[in-house]
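Please walk through this two-chain model with me, from the overall fold down to single residues. Keep the sequence and the structure side by side as you read.

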Amino acid sequence: MDIDDILLRIRAGDRQAFAEIVRAFQSPLFRFLGNMGLGRGQVEDIAQETFLRAWNNLGQYSPGLSRFSTWLFTIARRLALNEIERAGNRAETLDGNDEVVDLPCQRALPQDALEQARRHEALHRALRRLPAADRSVLALAYLREIDLADIARIEGCTVGAVKTRLHRARNRLSQLLET
Amino acid sequence: MMIEHYEDLLQAGRYAPPADFSDRVMARIMDQPEPSFAAPPRTSRPQAQWLALAAASLLGAIQLATFIFGVWITASAS
């Protein structure tokens with residue numbers, strides 16, 4: 001995807017060109033927001049809001065300063081952290097609306113699917129118990145679209161600090177998964 | 001570490017976007033105002049600078065010629 005070309009087309013009035021950005025980043029965004037411990041409804045709302053904010057602030061994106069993915073995930077992260085803070089200990093974060101669907105292997109046997117669902121649920125519960133800052137660095141680290149330098153830019157710290165925080169977050173998550 | 005047993009899930013993510021997600025986003029984008037881009041750099045500016053330099057050089061040359069002419073007139077009168 002040539003982001004410069006897409007931006008030129010949008011500047012020229014071709015709104016539909018933005019659809020290419022949406023299609024390219026929707027899956028990574030869902031993965032990121034899911035790993036932030038958000039429920040399906042929250043993930044959809046925040047993903048939509050991320051694209052809307054990106055559209056409305058497209059003029060502020062500077063290709064010389066950062067990659068488009070870095071800029072987009074900075075928006076998503078901020079929205080996700082706001083949502084986590086707003087939700088706090090609200091009952092909705094522990095509701096039963098997060099039905100386990102979208103398993104990675106659609107052809108899995110029912111028993112395998114059940115086991116997969118259990119693992120998803122255990123992971124999700126553990127993620128929700130992690131501090132928001134740990135979730136953020138962890139969720140970013142599992143994105144193939146960005147590297148450690150990008151994570152450092154998004155988190156506003158050094159690469160060294162990202163490594164330290166990531167190590168700590170993985171340890172905490174491991175402990176939560178064991179309990 | 002326990003997390004290693006969950007690497008595949010973390011990499012795959014829990015949710016996938018619904019099939020109509022991009023259509024829904026684009027429907028909302030269509031209702032939004034055009035994003036405001038910063039004005040592109042004005043290409044006429046360097047040309048204006050060159051023009052001002054040429055005009056100033058011409059003015060300087062005229063002043064120099066006038067001075068030399070004045071000196072010549074004074075010298076020939078005496």
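Helices (H or I, at least four residues) and strands (E, at least two) are DSSP runs, numbered from the N terminus. Read along its sequence, chain A then follows the pattern α-α-α-α-α-α-α-α. That gives 8 helices and 0 strands in chain A. Chain B has 3 helices and 0 strands. Its elements run α-α-α from the N terminus on.

A word on the source. This is a predicted model, in which local features need pLDDT of at least 70 and side-chain atom pairs count only at pLDDT 80 or more, while totals for chains, interfaces and linings use all residues. Residues are numbered from 1 along each chain as its sequence is written, and chains are lettered from A and ligands numbered from 1 in the order in which they are written.

How confident is the predictor? The pLDDT is its confidence in each residue, from 0 to 100. Chain A has a mean pLDDT of 88, and 88% of its residues reach 70 or more. Residues 91-103 of chain A fall below 50. Beyond near neighbours in sequence, that stretch has 19 contacts in the model. Chain B averages a pLDDT of 86, with 88% of the residues scoring at least 70. In chain B, confidence is lowest in helix α3 (residues 44-77), at a mean of 87, and highest in α2(B), at 96. The model scores ipTM 0.81 and pTM 0.76.

Next comes burial. A residue is buried if 20 or more other C-beta atoms lie within 10 Å of its own, exposed if 12 or fewer, and partly exposed in between; C-beta atoms are placed from the backbone. Of the 179 residues of chain A, 32% count as buried. In chain B, buried residues make up 14% of the 78 residues.

Contacts need a rule too. Two residues are in contact if their C-beta atoms, placed from the backbone, lie within 7 Å. Take the contacts in chain A between residues at least 6 apart in sequence: 64% of them join residues at least 24 apart.

Now look at the core. A nonpolar core is a set of buried Ala, Val, Leu, Ile, Met, Phe, Trp, Tyr and Cys residues joined through C-beta atoms within 7 Å. The largest one has 47 residues. Phe32(A), Leu33(A), Leu72(A) and Ala76(A) touch the most other members. Helix α2 (residues 18-35) of chain A gives the most to this core, with 8 residues. Leaving aside neighbours within four places in sequence, Ala76(A) is in contact with Leu29(A), Phe32(A), Leu33(A), Ile46(A) and Thr50(A).

Two single residues are worth a stop. Glu83(A) lies in helix α4 (residues 68-87) of chain A. Is Glu83(A) buried or exposed? Glu83(A) counts as buried because 20 C-beta neighbours lie inside 10 Å. Not counting residues up to four places away in sequence, Glu83(A) touches Leu38(A), Gln42(A) and Ile46(A). Glu83(A) and Gln42(A) are 41 residues apart along the chain, yet their C-alpha atoms are separated by 8.1 Å.

Ala17(A) is found in the loop between α1 (3-11) and α2 of chain A. Ala17(A) has 16 other C-beta atoms within 10 Å, so Ala17(A) is partly exposed. With residues up to four places away in sequence left out, Ala17(A) touches Ile6(A), Arg9(A) and Ile10(A). The C-alpha atoms of Ala17(A) and Ser174(A), 157 residues apart along the chain, are separated by 42 Å.

Last, the interface. The contact takes 25 residues from chain B and 33 residues from chain A. On the side of chain B that touches chain A, α1 (7-12) and α2 (21-31) of chain B are the elements that give two or more residues. The most come from α2(B), with 7 residues. For residue classes, Ala, Val, Leu, Ile, Met, Phe, Trp, Tyr, Cys and Pro count as nonpolar, Asp, Glu, Lys and Arg as charged, and the others, Gly among them, as polar. This side of chain B divides into 18 nonpolar, 5 polar and 2 charged residues.

Which residues make the contact of α3(A) with α2(B)? From α3(A) come Gln48(A), Phe51(A), Leu52(A) and Trp55(A), and from α2(B) come Val25(B), Arg28(B) and Ile29(B). They divide into 5 nonpolar, 1 polar and 1 charged.

Definitions and conventions: pLDDT is the predictor's confidence in each residue, from 0 to 100.
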